[in-house]
Amino acid sequence: MSYALLNQLTAKPGQRQRVVELLVASGKLFADNRACLLYLVSESTDDPNLVWVIDLWTSQEAHGEALKAPELRPFVEQAMPLLEGMPEQLEVRPVGGKGLPD
């Protein structure tokens, strides 16, 4: 069963570009991780501070393990002060569509 998260991050005014840069750079840590099926960073088209990250993993356990990577910590430490509060996270259950493993 796949594991998916929709993450909404609200950057402080004027900080969205830096947050996006950090998210894209940190996502490169998952490039060789076969459990990471999708890591997509997107900007809102109508809110200058809003960023979305969509994660699709082979399992919740694989996602949790990936987050333990020590190389990820500096990205988190740099990004958190640039955000208005904690990221909002919505766990969803993928049920079908292009890109999902059979």
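The second largest pocket has a volume of about 180 Å³. It is lined by 13 residues, and Ala4, Leu38, Ile54, Leu56 and Leu100 are the closest to its centre. S1, strand S2 (36-43) and S3 each give two or more residues to this lining. By type, the lining of the second largest pocket holds ten nonpolar residues, one polar and two charged.

This is a predicted model: local features need pLDDT of at least 70, side-chain atom pairs count only at pLDDT 80 or more, and totals for chains, interfaces and linings use all residues. Residues are numbered from 1 along each chain as its sequence is written, and side-chain values use heavy atoms, with hydrogens and water left out.

**Terms for the pockets**

Rolling a probe the size of a water molecule over the atoms shows where empty space is left. A pocket is an open set of points on a 1 Å grid over the protein atoms alone, where a 1.4 Å probe fits and protein lies on both sides within 12 Å along at least five of seven lines; lining residues have an atom within 4 Å of a point. A volume is the space filled by probe spheres set on the points, which are joined across faces, edges and corners. Nonpolar covers Ala, Val, Leu, Ile, Met, Phe, Trp, Tyr, Cys and Pro; charged covers Asp, Glu, Lys and Arg; the others, Gly among them, are polar. Helices (H or I, at least four residues) and strands (E, at least two) are DSSP runs, numbered from the N terminus.

**The largest pocket**

The largest pocket has a volume of about 610 Å³. It is lined by 24 residues, and Leu23, Leu67, Leu72, Val76 and Pro87 lie nearest its centre. Two or more lining residues come from each of strand S1 (3-10), helix H1 (16-27), strand S3 (50-57), helix H2 (60-67) and helix H3 (73-79). H3 gives the largest share, four residues. The lining of the largest pocket divides into 18 nonpolar, four polar and two charged residues.

**The chain**

How many helices and strands does the chain have? There are three helices and four strands. Along the sequence they follow the pattern β-α-β-β-α-α-β. The radius of gyration is 14 Å, close to the 13 Å that the globule rule gives for 102 residues, so the chain is as compact as a globular protein of that length. That radius is taken over C-alpha atoms, and the rule is 2.2 Å times the number of residues to the power 0.38. Along the principal axes, the C-alpha atoms fill a box of roughly 40 × 30 × 20 Å.

Of the 102 residues, 34% count as buried. Buried means under 20% relative accessible area, exposed over 50%, and partly exposed in between (1.4 Å probe, protein chains only). The chain exposes about 6600 Å², and carbon and sulfur atoms supply 54% of that area. Areas come from the Shrake-Rupley method with a 1.4 Å probe; for residues, only the protein chains shown count as cover. Contact means heavy atoms within 4.5 Å. Among contacts between residues at least 6 apart in sequence, 72% join residues at least 24 apart.

**Selected residues**

Ser2 sits in the segment before S1. Is Ser2 buried or exposed? Ser2 is buried, with a relative accessible area of 15%. Leaving aside neighbours within four places in sequence, Ser2 is in contact with Leu37, Leu56, Trp57, Thr58, Pro94, Leu100 and Pro101.

Leu37 lies in strand S2. Leu37 is partly exposed, at 34% relative accessible area. With neighbours within four places again left aside, its contacts are Ser2, Leu56, Trp57, Thr58 and Pro101.

Phe75 belongs to helix H3. At 22% relative accessibility, Phe75 counts as partly exposed. Beyond its neighbours within four places in sequence, Phe75 is in contact with Leu22, Ala25, Ser26 and Leu29.

Arg18 is in helix H1. Its relative accessible area is 35%, so Arg18 is partly exposed. Outside four places in sequence, Arg18 is in contact with Gln78 and Leu82.

Lys68 is in the loop between H2 and H3. Lys68 is exposed, with a relative accessible area of 60%.

| Pair | Apart in sequence | C-alpha to C-alpha |
|---|---|---|
| Lys68 and Ser42 | 26 residues | 23 Å |
| Leu37 and Leu22 | 15 residues | 20 Å |
| Arg18 and Asp47 | 29 residues | 16 Å |
| Phe75 and Gln8 | 67 residues | 17 Å |
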